[in-house]
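Have the sequence and the 3D view open as you read.

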Amino acid sequence: MNTRVKVSVLRKAYNVEPGDDFYARFIMGHGNIRTCAYGREKQLEYDRSFHPVFQNLLEMKIVKDRYISTVTKHHDAVQAGTDGKYHGNQIDINDPIDDEINLFFKDFFIRGQMAVDALIKHAGYMGYNIGFLFTGNEKKFRNGRRAFALKEDDERFQALNSFIENHKTAWYASFRDMRRKIEHEGWSLPNLKYSLDDLLNVQIHLPTTPNQSIEVVLESHWQNMMLFCEEVVVFLLSLKLKDDMVIVYIPEERRDKNNPMRYMVSHKDFPGVPLQCG
């Protein structure tokens, strides 16, 4: 009689492309700092709290990359003449991508807001309620400031408040507004357009903002969101370190090309020398 053989599954978790520092920063770099800030008995609990931040950032990255790859593949197909064929008085698009890229575009902003919400919740787990720093309500801000773990005149609080305010002004306000339009007003990208040039070759016209392509907009928001979440988490972790530990920024030219982390933990007397914890 045949019996089923029990098998295990080795699943490749991440596909790291050359020049992609996301995993190095959020798994290796963040993990090393976490190990120095939290004892072994608390690390799994910490990881469970942080996971939604990482997961939503990862999903932002996935839909951004799929938007770009889908547009690139379609553009190449039109240029090669395998789609977007002109005949008579019409252009035939046999493999349209409008619905697909709309899904990716919308999901990008929705996942990004979920990442921020998860970041606020994770900060609360760490003992720092930062939600009031995102509100435009003055009363909620005052109440949150009074209850915050750091005093208002503490330089560390002032640095955190200034950092978040700068990011809100520079990009997050417009990011949040787009997410609201998508979720509450049914905003969508316009359909792609096609035309003929003077030689009757089909040309594709992709959706754009007034000044930038959608691809550039997504990449810019992605870089800003990744930086924002990383900086806030690293800052809060720095408050958990022992007095003889410091977090050191690694200049780009000094980063390991195979593991390009941006931060390390060092002993305060030996800044720049990695400290092994745990």
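Buried here means under 20% relative accessible area, exposed means over 50%, and partly exposed is in between (1.4 Å probe, protein chains only). Keep in mind that this is a predicted model: local features need pLDDT of at least 70, side-chain atom pairs count only at pLDDT 80 or more, and totals for chains, interfaces and linings use all residues. Residues are numbered from 1 along each chain as its sequence is written, and side-chain values use heavy atoms, with hydrogens and water left out.

Q: How many salt bridges does the count come to?
A: The rule asks for a side-chain nitrogen of Lys or Arg within 4 Å of a carboxyl oxygen of Asp or Glu. Counted that way, the total is 16.

Q: Are Arg25 and Asp21 buried or exposed?
A: These two form a salt bridge, with their closest N and O atoms 3.2 Å apart. Arg25 has 7% relative accessibility, so it falls under the cut-off. Asp21 gets the same label, and both are buried.

Q: Which residues is Arg25 in contact with, leaving aside its neighbours within four places in sequence?
A: Arg25 sits in helix α1 (residues 22-37); helices (H or I, at least four residues) and strands (E, at least two) are DSSP runs, numbered from the N terminus. Contact means heavy atoms within 4.5 Å. The list reads His30, Met226, Leu227, Glu230, Pro260 and Arg262.

Q: Where do Asp177 and Arg180 lie?
A: The two side chains form a salt bridge, 3.9 Å from N to O. Asp177 is partly exposed at 37%, and Arg180 is partly exposed at 39%. They are three residues apart, about one turn, and both lie in helix α5 (residues 155-185).

Q: Which cysteines does the disulfide join?
A: A disulfide is a pair of cysteine sulfur atoms within 2.5 Å, and the structure holds one. Its S to S distance is 2.0 Å, and it joins Cys36 to Cys277.

Q: How many residues apart are Cys36 and Cys277?
A: Both cysteines are buried, and their link is right-handed, with 90° about the S-S bond. Cys36 is in helix α1 and Cys277 in the segment after β6 (263-267), so the pair links distant parts of the chain, with a separation of 241 residues.
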